[in-house]
Amino acid sequence: QQGFQIALLEGHTDLVWHCAFSADGSKIVSGSKDQTVRVWDTTTGKELAVLEGHEKDVRYCNFSSTSQSIVSCGHDKSVRLWDISTVYSAKNVLDLTTRFVCGT
């Protein structure tokens with residue numbers, strides 16, 4: 001059997017490298033070559049937030065176990081932790097000084 005498309009989430013302007021559901025399934029987070037992290041509502045398909053700050057591709061992103069924070073990392077050698085209640089600013093930026101692989 002084949003599945004069927006429930007929604008099309010549009011907003012990124014380049015390749016999407018990674019996406020993940022929140023623990024309760026109410027949100028999706030996606031990271032893209034367009035240097036943004038986006039948060040989506042799974043019920044409406046509406047874009048809830050655009051998180052900007054990475055200077056190169058965002059290669060991985062995911063929710064914390066409580067879905068209160070998002071972690072993202074990218075080719076700019078940074079790991080960023082985003083507080084969902086203040087989604088437009090990074091809570092903490094960890095600079096990585098060597099080449100890395102992020103993902104599962």
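1. The largest nonpolar core of this predicted model has eleven residues in all, namely Ala 20, Val 29, Val 37, Val 39, Ala 49, Leu 51, Val 58, Cys 61, Phe 63, Ile 70 and Trp 82. A nonpolar core here is a set of buried Ala, Val, Leu, Ile, Met, Phe, Trp, Tyr and Cys residues joined through side-chain atoms within 4.5 Å, and buried means under 20% relative accessible area, whereas exposed means over 50% and partly exposed lies in between, with a 1.4 Å probe and protein chains only. Strands E3, E4 and E5 (58-63) each supply at least two residues of this core, and the largest share, three residues, comes from E5.

2. One member of that core, Phe 63, is in contact with Ala 20, Phe 21, Ser 22, Lys 27, Ile 28, Val 29, Val 39, Ser 69, Ile 70 and Ile 84, once its neighbours within four places in sequence are left aside. Contact means that heavy atoms lie within 4.5 Å.

3. Local features in this predicted model need pLDDT of at least 70 and side-chain atom pairs count only at pLDDT 80 or more, while totals for chains, interfaces and linings use all residues. Residues are numbered from 1 along each chain as its sequence is written, and side-chain values use heavy atoms, with hydrogens and water left out.

4. The protein chain has zero helices and eight strands, where helices (H or I, at least four residues) and strands (E, at least two) are DSSP runs numbered from the N terminus. Of the 104 residues in the chain, 34% are buried, and the chain exposes about 6,700 Å², of which carbon and sulfur atoms supply 50%; such accessible areas come from the Shrake-Rupley method with a 1.4 Å probe, and for residues only the protein chains shown count as cover. Among the contacts with a separation of 6 or more, residues 24 or more positions apart account for 30%.

5. Four strands form an open sheet in the order E1-E2-E3-E4, with antiparallel pairing, and two strands are taken to pair if DSSP finds at least two bridges between them. The edge strands, each of which pairs on one side only, are E1 (16-21) and E4 (47-52). Strands of a sheet pair through backbone hydrogen bonds, either parallel or antiparallel. Within this sheet, five bridges join E3 to E4, and Trp 40 stands opposite Glu 47 in E4.

6. Gly 11 lies in the segment before E1 and is partly exposed, with a relative accessible area of 30%. Not counting residues up to four places away in sequence, Gly 11 touches Arg 38, Trp 40 and Glu 47. Gly 11 and Arg 38 are 27 residues apart in sequence and 8.3 Å apart in space, C-alpha to C-alpha.

7. Most residues other than glycine have a negative phi. Gln 35, however, has a positive phi of about 75 degrees although it is not a glycine; Gln 35 is placed in the loop between strand E2 (27-32) and strand E3 (36-41), and is partly exposed, with a relative accessible area of 33%. Lys 77, also not a glycine, has a positive phi of about 65 degrees; Lys 77 is placed in the loop between strand E6 (69-74) and strand E7 (78-83), and is partly exposed, with a relative accessible area of 37%.
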